[in-house]
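Dear colleague,

I am passing on the structure below, together with an account of what was found in it. Please read the notes with the model open beside you.

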Amino acid sequence: MLSPSAAGAIARVCTGRSGFEHVSVHVDVRPHPVLGFYLRAASLVEAEAAADSLWRHAASFVPQLEEWELVRAEVPLLRPDPGP
């Protein structure tokens, strides 16, 4: 079973990679848990590729992820805030 503590382990192995900013772990989502990777990317295609790469990297180093597989990577593209 995946626990919320996985977020810390994932963050430790992903920091500095593929525009990684933050990760959240949602263990109670059905039918499967959800990892939310927050990252910087120039396009939707780059963001989805980076999320996939981050998952593969984390899955190879975080024991809690060994039994899980990526079902899909979907990333909403957010417009930068232009500021005041």
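A nonpolar core is taken here as a set of buried Ala, Val, Leu, Ile, Met, Phe, Trp, Tyr and Cys residues that are joined through side-chain atoms within 4.5 Å, and it should be kept in mind throughout that this is a predicted model.

With that definition, the largest nonpolar core has 20 residues, and those that touch the most other members are I10, C14, V25, F37, L39 and L65. The elements that each contribute two or more residues to this core are α1 (6-14), β1, β2 and α2, and α2 gives the most, with 6 residues. In soluble globular proteins, nonpolar side chains tend to be buried together. One of the residues named above, F37, touches I10, C14, F20, H22, V23, A51, L54 and W55 when residues up to four places away in sequence are not counted.

The count of aromatic pairs comes to 1. The ring centres of F20 and F37 are 6.4 Å apart and their planes stand at 70 degrees, which is over the 60 degrees required, so the pair is classed as edge-to-face.

Turning to charged groups, side chains of opposite charge can pair when their charged atoms come close. The count comes to 2 salt bridges. In one of them, E21 pairs with R40, the closest N and O atoms being 3.1 Å apart; because E21 lies in strand β1 and R40 in the loop between β2 (34-39) and α2, the pair ties together parts that are 19 residues apart in sequence. E21 counts as partly exposed at 46% relative accessibility, whereas R40, at 63%, counts as exposed. In the other, D52 pairs with R56, and here the closest N and O atoms are 2.8 Å apart. D52 and R56 are 4 residues apart in helix α2, so about one helical turn separates them, and D52 counts as partly exposed at 25% relative accessibility.

Strand β1 (residues 20-26) also holds S24, which is buried, with a relative accessible area of 14%. The side chains of S24 and H26 are joined by a polar contact of 3.1 Å, and, leaving aside neighbours within four places in sequence, S24 is in contact with V34, L35, G36 and Y38.

The peptide bond that joins R30 and P31 is cis, with omega at about 10 degrees, and P31 is placed in the loop between β1 and β2. S18, although it is not a glycine, has a positive phi of about 45 degrees; S18 sits in the loop between α1 and β1 and is partly exposed, with a relative accessible area of 32%.

Finally, R79 is found in the segment after α2 (44-61) and is exposed, with a relative accessible area of 78%. From C-alpha to C-alpha, R79 and L65 are 31 Å apart in space, while in sequence they are 14 residues apart.

With best regards

Definitions and conventions: Residues numbered from 1 in each chain as written. Predicted model: local features only at pLDDT ≥ 70, side-chain atom pairs only at ≥ 80, totals over all residues. Heavy atoms only, no water. Buried < 20%, exposed > 50% of the residue type's maximum accessible area, 1.4 Å probe, protein only. Polar contact = N/O pair within 3.5 Å; in protein donor to acceptor, adjacent residues only side chain to side chain. Contact = heavy atoms within 4.5 Å. Salt bridge = Lys/Arg side-chain N within 4 Å of Asp/Glu carboxyl O. Phe/Tyr/Trp six-rings, centres within 6.5 Å; stacked < 30°, edge-to-face > 60°.
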